[in-house]
Amino acid sequence: MLSRDAAMLILREGDVVQRHWGLDRPETIIGRQEDSDIVLDNRQISRQHARIVRDRDGYVLMDLHSKNGTFVNGEPLTAECRLTDGDEIQFALVFRLGFVDAGATVPLYFEGSSRKGLRLDKETRMVYIDERPLDPPLSPAQFRLLELLLDHRDRVIERDEVVRAVWPDAVEEGISEQAIDALVRRLRERLAELDPGSQYVVTVRGHGFRLGQPA
């Protein structure tokens with residue numbers, strides 16, 4: 001499991017199976033060779049292409065004299081670069097990855113689309129779709145539910161997990177099925193204010209809920 005206080009790289013373009021990597025080590029090596037921490041298997045990628053160092057102030061990216069270069073936000077990397085949330089990193093112009101800082105939730109990106117996706121800012125408790133803010137903000141319960149779904153986007157969230165995450169002080173007393181369904185329905189309505197026709201919260205009958213995709 002990824003460390004919640006570590007940043008991440010998420011794949012936006014490129015042909016590899018893995019889609020995201022946690023940067024929870026003091027040093028992360030990106031390259032073609034198999035013992036790299038992040039393996040990008042393409043002949044355009046050098047054996048040891050780049051390195052990300054984690055320090056007390058965040059993360060620093062450096063190119064390791066790669067043959068085809070490293071680029072940050074479209075500019076070639078010629079010196080060390082301190083990464084900030086939202087930076088776009090390209091390796092040899094073959095792989096494109098996004099840097100998501102520790103305080104942010106991984107955005108839900110849409111395959112084959114130029115849309116920027118669904119994003120949560122945990123510090124401000126704001127929700128964005130295609131970088132448009134949801135105003136007024138979600139209620140605390142709605143935000144916790146959406147945060148839970150995004151943090152576990154690859155699986156179904158059972159109803160008991162929803163109760164523990166959204167109403168931790170009410171676990172012993174119990175929360176009714178109707179209360180959970182009402183929360184899900186209201187969250188869907190709020191997200192539809194920015195993206196009508198899409199369903200970001202999908203009910204899996206007999207199991208729970210999962211994160212959906214846009215229309």
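Reply: Leaving aside neighbours within four places in sequence, Val 127 is in contact with Leu 118, Arg 119, Leu 120, Arg 132, Pro 133, Leu 134, Leu 138, Phe 143, Leu 146 and Leu 191. Please keep in mind that this is a predicted model.

Me: And which residues have the most contacts inside the largest nonpolar core?

Reply: Those are Leu 118, Val 127, Leu 145, Leu 146, Val 162 and Leu 191, in a core of 27 residues. At least two residues of this core come from each of strand 12 (118-121), strand 13 (126-129), helix 1 (140-151), helix 2 (159-166), helix 3 (177-192) and strand 17 (208-211).

Me: Which of those gives the most to the core?

Reply: Helix 1 does, with 7 residues. Apart from this core lies another, of 25 residues, which includes Leu 11, Ile 52, Leu 61 and Leu 97.

Me: Back to helix 2, which of its residues are buried, and what covers them?

Reply: The buried residues of helix 2 are Arg 159, Glu 161, Val 162, Val 163 and Val 166, and their cover includes helix 1, strand 15 (157-158), helix 3 and strand 17.

Me: Arg 159 is a charged residue in that list, so what does its side chain meet in a salt bridge?

Reply: The side chain of Arg 159 meets that of Asp 181, at 2.8 Å from N to O. Since Asp 181 lies in helix 3 and Arg 159 in helix 2, the pair ties together parts that are 22 residues apart in sequence. Asp 181 itself is partly exposed, with a relative accessible area of 33%.

Me: How many salt bridges does a search of the whole structure find?

Reply: The search finds 14. One of them joins Arg 82 and Asp 55, whose closest N and O atoms are 2.8 Å apart; because Arg 82 lies in strand 9 (residues 81-82) and Asp 55 in strand 5 (residues 50-55), this pair ties together parts 27 residues apart in sequence. Arg 82 counts as partly exposed at 39% relative accessibility, and Asp 55 is partly exposed too, with a relative accessible area of 32%.

Me: What about Asp 151, what does it form a salt bridge with?

Reply: Asp 151 pairs with Lys 122, with 3.6 Å between the closest N and O atoms, and the two link distant parts of the chain, Asp 151 being in helix 1 and Lys 122 in the loop between strand 12 and strand 13. Asp 151 is partly exposed at a relative accessible area of 29%, whereas Lys 122 is buried at 19%.

Key:
Residues numbered from 1 in each chain as written. Predicted model: local features only at pLDDT ≥ 70, side-chain atom pairs only at ≥ 80, totals over all residues. Heavy atoms only, no water. Core = buried A, V, L, I, M, F, W, Y, C linked by side-chain atoms within 4.5 Å. Buried < 20%, exposed > 50% of the residue type's maximum accessible area, 1.4 Å probe, protein only. Helix = DSSP H or I, 4+ residues; strand = E, 2+ residues; numbered from the N terminus. Contact = heavy atoms within 4.5 Å. Salt bridge = Lys/Arg side-chain N within 4 Å of Asp/Glu carboxyl O.
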